[in-house]
Amino acid sequence: MAKIIRVRPVLLSAPYSEPATSAEVILHLPGGHRTIGLVEVTLDNGIVGLGEGYLAVFAPHVFRTIVELVAPALTGRDPQDFDRVMRDLTLSTGYWSWQGAAQHVVGACEIALQDCRAQLAGVSVARLLGAPADRTLKLYASGGDSVSPEAMTREIAKVAALGIDVLKIRARNHEVAKTAWCQRHATPLGIAIAVDMTQNLAIPSQSVADILAYLQAVITAGGKLPYFLEEALGPEEIDTYRTLRASVPECQIAGGEIVTTAAELSHRIERGCYAIAQPDATVIGGLAATLAVFATARRCQTEVFVHCWGGPVGMMANYHAALAGAGRVAEWPLPAFELRHALVAQPWNIAQGRLTLPDIPGLGVRLTPEIECEFRFREDAVYRCLTDPSKLPHANWA
């Protein structure tokens, strides 16, 4: 029987995207670096498991403190006693954060435990969770936050080089010209455009009428309906998603990336909010919670495209979950991020728009002292949620 002898939070920061041309960096990461938060679980036999929590992008010190707070619930335990360990871990934060920030940490710990369990069994996490052999995942590219046509042209070229045929851009309802421009320039390369309207935290958010006006304006400008439309309504408008879907049945409506429990996202799926649900293991409480969402989605005939906007450990966790959950499509983040490549045990294998994961024990990630030294946490690498859009340069999308 293996025992957990150490639980350690790790914060890492690295250069991110193109500082001069990325709206995300200009508004949210003016230091040009982004942070990820890991949980490292060490067993007495030397096996080390890694997990990731999305919380650290926004509140790295909160992430680290919660990990340290829950570590006693894991230390000395057998990772194979998985259900009871997870029960105690969840109870240790449940009273004050049954939903919300602590679930990101619970998920990071759960992912690390699954990594340990798979290594103990000598199989990949996907196989441990029941994935068939040799499955691949179709990827859609996620980026589209460039502030100029020149930079967006480079993004589209990256997508084409990967053989991916869907690019998700960020566009609000006043960015009709940008949407139509992207469609005009991507379509000849066989690339469809999806749109993230980034309304998931907007209070008040735009209305169904605003969305329909935007879509009509895109068509009038020579564009077409997006491949899918993501996070089109805010958190106070969840019930309105069914109205939106009925109002524009030709367009797939997607969402769910910020939901922190499988029960809530499953409830939204059952209510018909989405054609495409987007759980994230680093947000929703781990791999088991993500698979619970997949189970509900299968019963309700809803697609699941896992959300993968974190670091490489979270990406790997979500891809393994997608394989085990019989998912078809997953997100591939397009902005440059050195940590995405530094932490993987084998290089990412993408061919003709499809991802093949390495068939090695665990998640396929590793952390070394050299990596920690090279990518030391930076205090200025914290994602700012309150922004000033006037800082963005004007772009001519005509």
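# Pocket, cavities and local backbone features

Helix H1 gives the most to the lining of the largest pocket, with 4 residues. This is a predicted model, in which local features need pLDDT of at least 70 and side-chain atom pairs count only at pLDDT 80 or more, while totals for chains, interfaces and linings use all residues. Residues are numbered from 1 along each chain as its sequence is written, and side-chain values use heavy atoms, with hydrogens and water left out. Helices (H or I, at least four residues) and strands (E, at least two) are DSSP runs, numbered from the N terminus.

**Largest pocket**

- The largest pocket holds about 1,300 Å³ of space.
- Of its 46 lining residues, His28, Arg170, Arg172, Thr198 and Tyr383 are the closest to its centre.
- Elements that give two or more residues to this lining include H1 (23–28), helix H5 (101–121) and strand E5 (166–170).
- On a 1 Å grid over the protein atoms alone, a pocket is an open set of points with protein on both sides within 12 Å along at least five of seven lines, a cavity is a set where a 1.4 Å probe fits but cannot get out, and lining residues have an atom within 4 Å of a point.
- Grid points are joined across faces, edges and corners, and a volume is the space filled by probe spheres set on the points.

**Cavities**

- There are 3 cavities of 30 Å³ or more.
- The largest cavity has a volume of about 170 Å³ and is lined by 18 residues, with Ser17, Ser22, Ser146, Glu155 and Pro335 nearest its centre.
- Helix H7 (residues 149–162) supplies the largest share of that lining, 4 residues.

**Backbone exceptions**

- Most residues other than glycine have a negative phi, and most peptide bonds are trans.
- Thr198 is not a glycine but has a positive phi of about 50°; Thr198 lies in the loop between E6 and H9.
- Thr198 is partly exposed because its relative accessible area is 24% (buried is under 20%, exposed over 50%, partly exposed in between, with a 1.4 Å probe and protein chains only).
- Pro204 is in the loop between E6 and helix H9 (208–220), and a cis peptide bond with omega of about -5° joins Ile203 to Pro204.
- Ala326, also not a glycine, has a positive phi of about 65° and lies in the loop between helix H14 (312–324) and strand E11 (329–333).
- Ala326 has 51% relative accessibility, so Ala326 counts as exposed.
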